[in-house]
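User: I have a model open and would like to learn how to read its features. Could you walk me through it?

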Amino acid sequence: MSVPKPMMRGLLAKRLRFHLPIAFTVAIAASLAYKFMVAEPRKRAYADFYKNYDAVKEFNAMREAGIFESARPSGE
């Protein structure tokens, strides 16, 4: 019994023909999963938050709490 000779000529091309489509499929599936499972819910959450967010009201609340050094509370 002898060991068969390894295929050396065209080995890279043969392996790429098999693995390249699989790699592209996995990459596209991962990117779509990230988009619809992470990015879209995050965009929706930010949109919902800023729909009712009042920056001036938040600023006044922080000013009254004494957070800012440059903006004194209205009582002082």
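Analyst: Happy to; we will go from the overall outline to single residues, keeping in mind that this is a predicted model.

User: Let's begin with the fold. How many helices and strands does the secondary structure come to?

Analyst: The chain has two helices and zero strands. Its radius of gyration is 30 Å, whereas the globule rule gives 11 Å for 76 residues, so the chain is more spread out than a compact globule. The box filled by the C-alpha atoms tells you about the outline too: roughly 95 × 25 × 20 Å along the principal axes.

User: What share of the residues counts as buried?

Analyst: A residue is called buried when its relative accessible area is under 20%. Here 3% of the 76 residues count as buried. The chain exposes about 7300 Å², and carbon and sulfur atoms supply 64% of that area.

User: Could you show me a buried residue? Where does Ala-71 lie?

Analyst: Ala-71 lies in the segment after helix H2, which covers 55-65. Its relative accessible area is 14%, so Ala-71 is buried.

User: Now the opposite case. Is Phe-24 buried or exposed?

Analyst: Exposed means over 50% relative accessible area. Phe-24 has 53%, so Phe-24 is exposed. You will find Phe-24 in helix H1, residues 11-51.

User: Which residues form the nonpolar patch on the surface?

Analyst: Phe-24 is one of them; the others are Leu-12, Leu-16, Leu-20, Ile-28, Leu-32, Phe-36 and Met-37. Together these residues have about 870 Å² of accessible area.

User: Why are Lys-43 and Glu-40 separated by about one helical turn?

Analyst: Because they are three residues apart in helix H1, and that spacing is about one turn. The two partners have their own accessibility values: Lys-43 is exposed at 52%, while Glu-40 is partly exposed at 21%.

User: What about Lys-51, which residue does it form a salt bridge with?

Analyst: Its partner is Asp-48, with the closest N and O atoms 3.5 Å apart. Both residues lie in helix H1, three residues apart, about one turn of the helix. Lys-51 is exposed, with a relative accessible area of 60%, and Asp-48 is partly exposed at 42%.

User: How far apart are the closest N and O atoms of Arg-63 and Glu-64?

Analyst: They are 3.9 Å apart, and the two residues form a salt bridge. Arg-63 counts as partly exposed at 22% relative accessibility, and Glu-64 is partly exposed at 40%.

Key:
Residues are numbered from 1 along each chain as its sequence is written. This is a predicted model: local features need pLDDT of at least 70, side-chain atom pairs count only at pLDDT 80 or more; totals for chains, interfaces and linings use all residues. Side-chain values use heavy atoms; hydrogens and water are left out. Patches are made of residues with over 30% relative accessible area and no salt bridge: like charges are joined within 9 Å, nonpolar side chains (Val, Leu, Ile, Met, Phe, Trp, Tyr) within 5 Å. Accessible areas come from the Shrake-Rupley method with a 1.4 Å probe; for residues, only the protein chains shown count as cover. A salt bridge is a side-chain nitrogen of Lys or Arg within 4 Å of a carboxyl oxygen of Asp or Glu. Helices (H or I, at least four residues) and strands (E, at least two) are DSSP runs, numbered from the N terminus. Buried means under 20% relative accessible area, exposed over 50%, partly exposed in between (1.4 Å probe, protein chains only). The radius of gyration is taken over C-alpha atoms; the globule rule is 2.2 Å times the number of residues to the power 0.38.
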